[in-house]
Amino acid sequence: MGTAVPVAVVLVGCCVNVVFLELIISEDKGAGNLITFAQFLFIAAEGLIFTVDFGRKRPKVPLLMYGGLVMLFFSSSVINNWSLKFSIPMPLHMVFKAGSLVTNMIMGMMILGKRYNRTKYVSVAMVTLGIYICTSASVMDAQKTNETNKQSEGHSQDHFTLLIGVGMVVLSLIIASGLGIFQEKLYRTYGKHSKEAMFYTHAMSLPFFVLLVSDIGDHVTVFNNSGSVMLLISVALLLLHMCCVFSNRDCCCSSCFTDYTKDVAFPAGKRHDTVCLRSNCFSSDVRV
């Protein structure tokens, strides 16, 4: 019962999250960095109040150690966000994130010297086959769309663009797997402090968004110019969707960290990616 609730929150929260995320991406493909920044800011603000009590609680893990997590976490999140600009369909993006099982298993074997039972190898092989089938189908669909666009509108988008996006997701998964291994070693050394880790990895990532301020500003304008919905006041529709995304992600991230501290072992290593990153995590994926 102790682990059932966090796992259920991850599954339900991430599924709801993806619905709102796809609504945003269908209108603004490049909104990933804006959404990630809003999520990081929200989680950092919440953690500042409830986790570290405005800095009065000293961290149990040295901040220098969190620095390594932050670099991997931020890189994985941003690369995952950029991949969405390359016309990856959201269902394919979700399915491909399951590739974290493969990368976690391979890196766990190479770096940590782990070995798994036959059932886990077969399970990961089946997931890999499913990813291959889904990717192949998406590429063929992109080719058909190109042909239709050429005939009706006189322009097309090369399916090579889709493959670039897939390659970026793969790179994001590899970095996220390295993040998981680093996190596992960190927790073995200093103990498991899920709330603290979630706060510091998000809060310490915020300064890096200065590098993306121009991109974020452009998409703030897009959001402000989107359609609006009347609540107590008039609210931009994309902004409302984004609020739903990062509030859901907060639940997902909290549960993912809780899963880890309770040793909820997902098939290819004791770690669950928050695609929830980044995925995500977007994304993203956000994602620890």
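**Close-up views of a predicted model**

**View 1. The surroundings of N33.** Leaving out residues up to four places away in sequence, N33 touches V78, N81, W82, F209, L212, D215 and I216, where touching, or contact, means heavy atoms within 4.5 Å. This is a predicted model, so local features need pLDDT of at least 70 and side-chain atom pairs count only at pLDDT 80 or more, while totals for chains, interfaces and linings use all residues. Residues are numbered from 1 along each chain as its sequence is written, and side-chain values use heavy atoms, with hydrogens and water left out. You will find N33 in helix α2 (residues 32-50); helices are DSSP runs (H or I, at least four residues), numbered from the N terminus. Is N33 buried or exposed? N33 is buried, with a relative accessible area of 2%; buried means under 20% relative accessible area and exposed over 50%, with partly exposed in between (1.4 Å probe, protein chains only).

**View 2. The largest nonpolar core.** This core has 31 residues, and I24, I35, Y66, F223 and M242 have the most contacts inside it. A nonpolar core is a set of buried Ala, Val, Leu, Ile, Met, Phe, Trp, Tyr and Cys residues joined through side-chain atoms within 4.5 Å. Helix α3 gives the largest share, five residues. Look at M242 too: beyond its neighbours within four places in sequence, M242 is in contact with I24, L34, I35, A38 and F223.

View 3. Which residues of α9 are buried? They are D215, I216, H219 and F223. Seen down the axis of α9, these buried residues fall within an arc of 95 degrees, so they line one face of the helix; the arc is that of the directions from the helix axis to the C-beta atoms. On the face turned away from the buried side, α9 carries the exposed residues V213, S214 and N224.

**View 4. Rings around Y200.** The structure holds eight aromatic pairs. Rings of Phe, Tyr and Trp (its six-membered ring) pair if their centres lie within 6.5 Å; planes under 30 degrees apart count as stacked, over 60 as edge-to-face and the rest as tilted. The ring centres of Y66 and Y200 are 5.3 Å apart and their planes are at 15 degrees, so this pair is stacked. The two are 134 residues apart, with Y66 in helix α3 and Y200 in helix α8. F199 and Y200 have ring centres 4.9 Å apart and planes at 70 degrees, so they are edge-to-face.
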